[in-house]
Amino acid sequence: MRAAAAIETFLEMMSAERGAAQNTLESYRRDLEDAAAFASAAGAQLTMAEPATIRAYLDDIAGRGYAATSQARRLSALRQFFRFLYTENIRTDDPTGTLDAPRKDRSLPKILSEADVEKLLGRAELETLDAEAPAGDHLRALRLHALLEILYATGLRVSELVGLPVTVARSDHRFLMVRGKGSKDRMVPLSGKARTAMTTYLAVRDALPNLAGNPWLFPAISESGFLARQVFARELKGLAARAGLVTSAISPHVLRHAFASHLLQNGADLRAVQQLLGHSDISTTQIYTHVMEERLHRLVTEHHPLAD
């Protein structure tokens, strides 16, 4: 089978059987087509490539300056592709089986302290109380407060947060049903403060005739119909500046990290945090193990009878 046809068949399988998201499929396509072009230039079809060809391809992208994480992602795409060919009896072996993934350093996630989060949320709430603010500014302040309270209460990905349907706010507010990566649904609890901020925002939102029937919780004039991630990030940085925080250290993703780290610092189980974050693999959640190590060290030093 020629490479182009095999890639199309593989992507169809990933979509139909594994529910891969469109962005994931596009990433696989780019990676596999790049590998196929390299193999073709070397006089081979990707579908019939030998381990030496795959190894040479990895050396090539390293030479092009790709980071270790990007190299590892491409090798992962190739592994899945060749496993598919093996399963479909197109190949009798897997040429990636003897290849090691490039070593990559895992940087610790940036997080905010609990005090900084309280300062940020406090400032957001304070701005909703400005009685002299124009109606549009008041709605934006309520929206930003609701966004932040929900984000810190749930640890949602920013794309999941801004794309919430309004129906989640009209159902049982104790939990949110979220559709994450790979179209997988998960249920996350919602704090009392987040419920209050969302309800307050929703009441003002629904009072506007042009928004009352809108299907999105955070509607906007955009291609998607809901608030763009970049707009939320920009408003968050503006709020951080007004709260006296360093804006370069704050983003929606940093608040997601803060959610996970603060849970672990206060005794949450790593598996539970994995489920709340929507990580399919525990290894992704293990970037937070440094938080657990700090907590265990503190536990021993504070409570062990022989601790110095």
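This is a predicted model: local features need pLDDT of at least 70, side-chain atom pairs count only at pLDDT 80 or more; totals for chains, interfaces and linings use all residues.
Residues are numbered from 1 along each chain as its sequence is written, and side-chain values use heavy atoms, with hydrogens and water left out.

**The whole chain**
- The protein chain has 14 helices and two strands; these are DSSP runs (helices: H or I, at least four residues; strands: E, at least two), numbered from the N terminus.
- Of its 308 residues, 41% count as buried, meaning under 20% relative accessible area with a 1.4 Å probe, protein chains only.
- Among contacts (heavy atoms within 4.5 Å) between residues at least 6 apart in sequence, 62% join residues at least 24 apart.
- Carbon and sulfur atoms hold 53% of the accessible surface of about 16900 Å², computed by the Shrake-Rupley method with a 1.4 Å probe.

**Helix α12**
- In helix α12, residues 270-277, the buried residues are Leu270, Val273, Gln274, Leu276 and Leu277.
- Seen down the axis of α12, these buried residues fall within an arc of 165°, so they line one face of the helix; the arc is taken from the directions from the helix axis to the C-beta atoms.
- Gly278 follows α12 and has a positive phi, near 80°.

**Leu148**
- Leu148 sits in helix α6, residues 135-154, and is buried, with a relative accessible area of 0%.
- Leaving aside residues up to four places away in sequence, Leu148 touches Leu120, Leu121, Ala124, Phe232, Leu236, Leu239 and Leu255.
- Leu161 is 13 residues from Leu148 along the chain, and their C-alpha atoms are separated by 9.7 Å.

Notes. Buried means under 20% relative accessible area, exposed over 50%, partly exposed in between (1.4 Å probe, protein chains only).
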